[in-house]
Amino acid sequence: MATNCKTISILGATGSVGLSTIDLIRRNPDIFQVRVLTAQNKVEELAALAIEFQIDLAVIGNEDHYGRLKELLSGTSVKAAAGQQALIDAASVEADLVMAAIVGAAGLRPTLEAVRQGNTVALANKECLVCAGDLMMEEVRKHGTTLLPVDSEHNAIFQVFEADQIDHISKIILTASGGPFLNTPKKDLLSVTPAQAVAHPNWDMGAKISVDSATMMNKGLEVIEAYHLFPVEVSQIEVLVHPQSVIHSMVEYGDGSVLAQLGSPDMRTPIAYALAWPQRMESPSPKLNLAQIGQLDFREPDLEAFPCLALALEALKAGGAAPVILNAANEVAVESFLNDKIGFMGIASIVEKTLSRLDMKVPHSIENLLQIDLEARKIASALIVEENA
Ligand code: NAD
Ligand code: MG
């Protein structure tokens with residue numbers, strides 16, 4: 001192993017983004033050295049990866065699996081740990097780059113800890129910026145952390161955003177595939193199933209983000225994410241439906257130039273960009289063949305058919321606690337939809353009702369924010385129980 005390897009920790013190593021990151025590292029053993037890996041429940045996979053990469057520390061979030069993790073790692077030099085605090089501690093282990101790829105607000109504390117560690121954080125976990133964008137970005141500035149966006153749209157913008165020309169940036173254009181139900185008649189959306197919702201036409205992703213793509217809540221969360229990552233006003237962020245997912249996003253300049261980043265829809269491209277930054281590296285993502293694709297389509301988003309997108313845009317404008325409540329209610333509603341407890345359109349209605357029942361005061365600390373998150377989850381869960389009664 002070369003001594004000038006880049007050391008890496010992956011929070012959420014067994015997920016879709018985590019495994020794509022692992023795939024790139026596996027192909028480049030001379031460039032990267034893995035320090036820490038975490039997972040919530042997949043203890044066998046976590047241990048296998050820990051042994052394969054001879055890492056220092058493996059952390060399982062769910063403490064019920066701690067015994068099994070220790071058993072699997074016995075006789076190796078890998079340390080084992082478990083529980084919520086262990087996940088946070090794992091994020092503070094010194095590494096050149098931390099990949100923040102936990103799903104949902106559960107990633108907030110570990111990601112924040114990685115930011116405070118002050119090195120480089122590759123950010124996939126968009127929910128933590130949605131919940132705590134102001135507080136997170138304040139910590140990024142305070143600790144001089146480099147935050148590299150992994151979400152494909154934000155990674156695209158990052159690649160074409162000329163920060164020293166900020167006065168000449170007129171808008172950023174986030175593209176959206178529109179998800180699997182882009183052309184489904186509105187009345188049919190009432191009866192779509194979880195299996196149909198997670199079958200994304202272009203991207204292969206975890207269950208939660210796949211449902212978010214189907215409701216277009218994902219694009220709403222991404223607008224909020226973009227607002228925190230880039231120095232632009234809410235009014236300068238536009239959503240454009242582009243079903244082929246070839247143009248990953250664009251930046252428009254005052255002189256009329258529009259810069260875009262293109263690529264095949266494969267997360268290993270933005271992940272490779274973040275892993276190698278400020279250089280570039282090879283990725284096995286299929287190379288783009290525009291002649292074969294032939295045509296690129298665009299249209300405006302339909303906020304009536306996809307009320308989750310409208311709710312997220314409103315939450316960003318309302319500010320304060322609205323994005324935290326929106327995100328928490330959405331996580332609960334998506335989980336319930338995946339478990340067949342509510343219908344597809346029930347997701348937006350649960351989010352909307354939860355938003356209307358809570359105070360929008362600005363969260364003043366992470367503790368306060370987590371309290372609001374918990375409160376919103378309780379209300380959303382109660383609403384679901386009521387609906388099923
Ligand atoms: P996933 O569900 O496939 O994986 C999530 C990972 O987080 C797993 O390793 C899991 O063990 C861990 N995890 C789950 N619950 C946890 C908890 N409560 N505490 C600690 N760890 C927990 O998710 P994913 O699709 O890889 O998405 C990860 C993040 O990246 C999400 O925020 C998502 O929005 C974002 N993202 C994903 C993609 C994609 O292509 N999958 C693209 C852009 C952004
Ligand atoms: Mg995205």
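Is Asp151 buried or exposed? At 7% relative accessibility, Asp151 counts as buried, a label given to residues under 20% relative accessible area, with exposed meaning over 50% and partly exposed in between (1.4 Å probe, protein chains only).

This is a predicted model, in which local features need pLDDT of at least 70 and side-chain atom pairs count only at pLDDT 80 or more, while totals for chains, interfaces and linings use all residues. Residues are numbered from 1 along each chain as its sequence is written, and side-chain values use heavy atoms, with hydrogens and water left out.

Asp151 sits in the loop between strand S7 (146-149) and helix H7 (152-160); helices (H or I, at least four residues) and strands (E, at least two) are DSSP runs, numbered from the N terminus. Beyond residues up to four places away in sequence, Asp151 touches Leu123, Lys126, Glu222 and Glu225, where contact means heavy atoms within 4.5 Å. The side chains of Asp151 and Lys126 are joined by a polar contact of 2.9 Å, that is, a pair of N or O atoms within 3.5 Å, one able to donate a hydrogen and the other to accept it, and residues adjacent in sequence count only if both atoms are side-chain atoms.

Glu153 belongs to helix H7 and is buried, with a relative accessible area of 8%. Its contacts, leaving aside neighbours within four places in sequence, are Leu174, Thr175, Lys219, Glu222, His248 and Ser249.

An unreviewed UniProt entry annotates Asp151, Glu153 and Glu222 as "binding site". They are spread over 72 residues of sequence, yet cluster in space, with a largest C-alpha distance of 8.4 Å. Such annotations, given in the numbering used here with shortened feature names, may be inferred rather than shown by experiment.

Conventions
Chains lettered and ligands numbered in written order.
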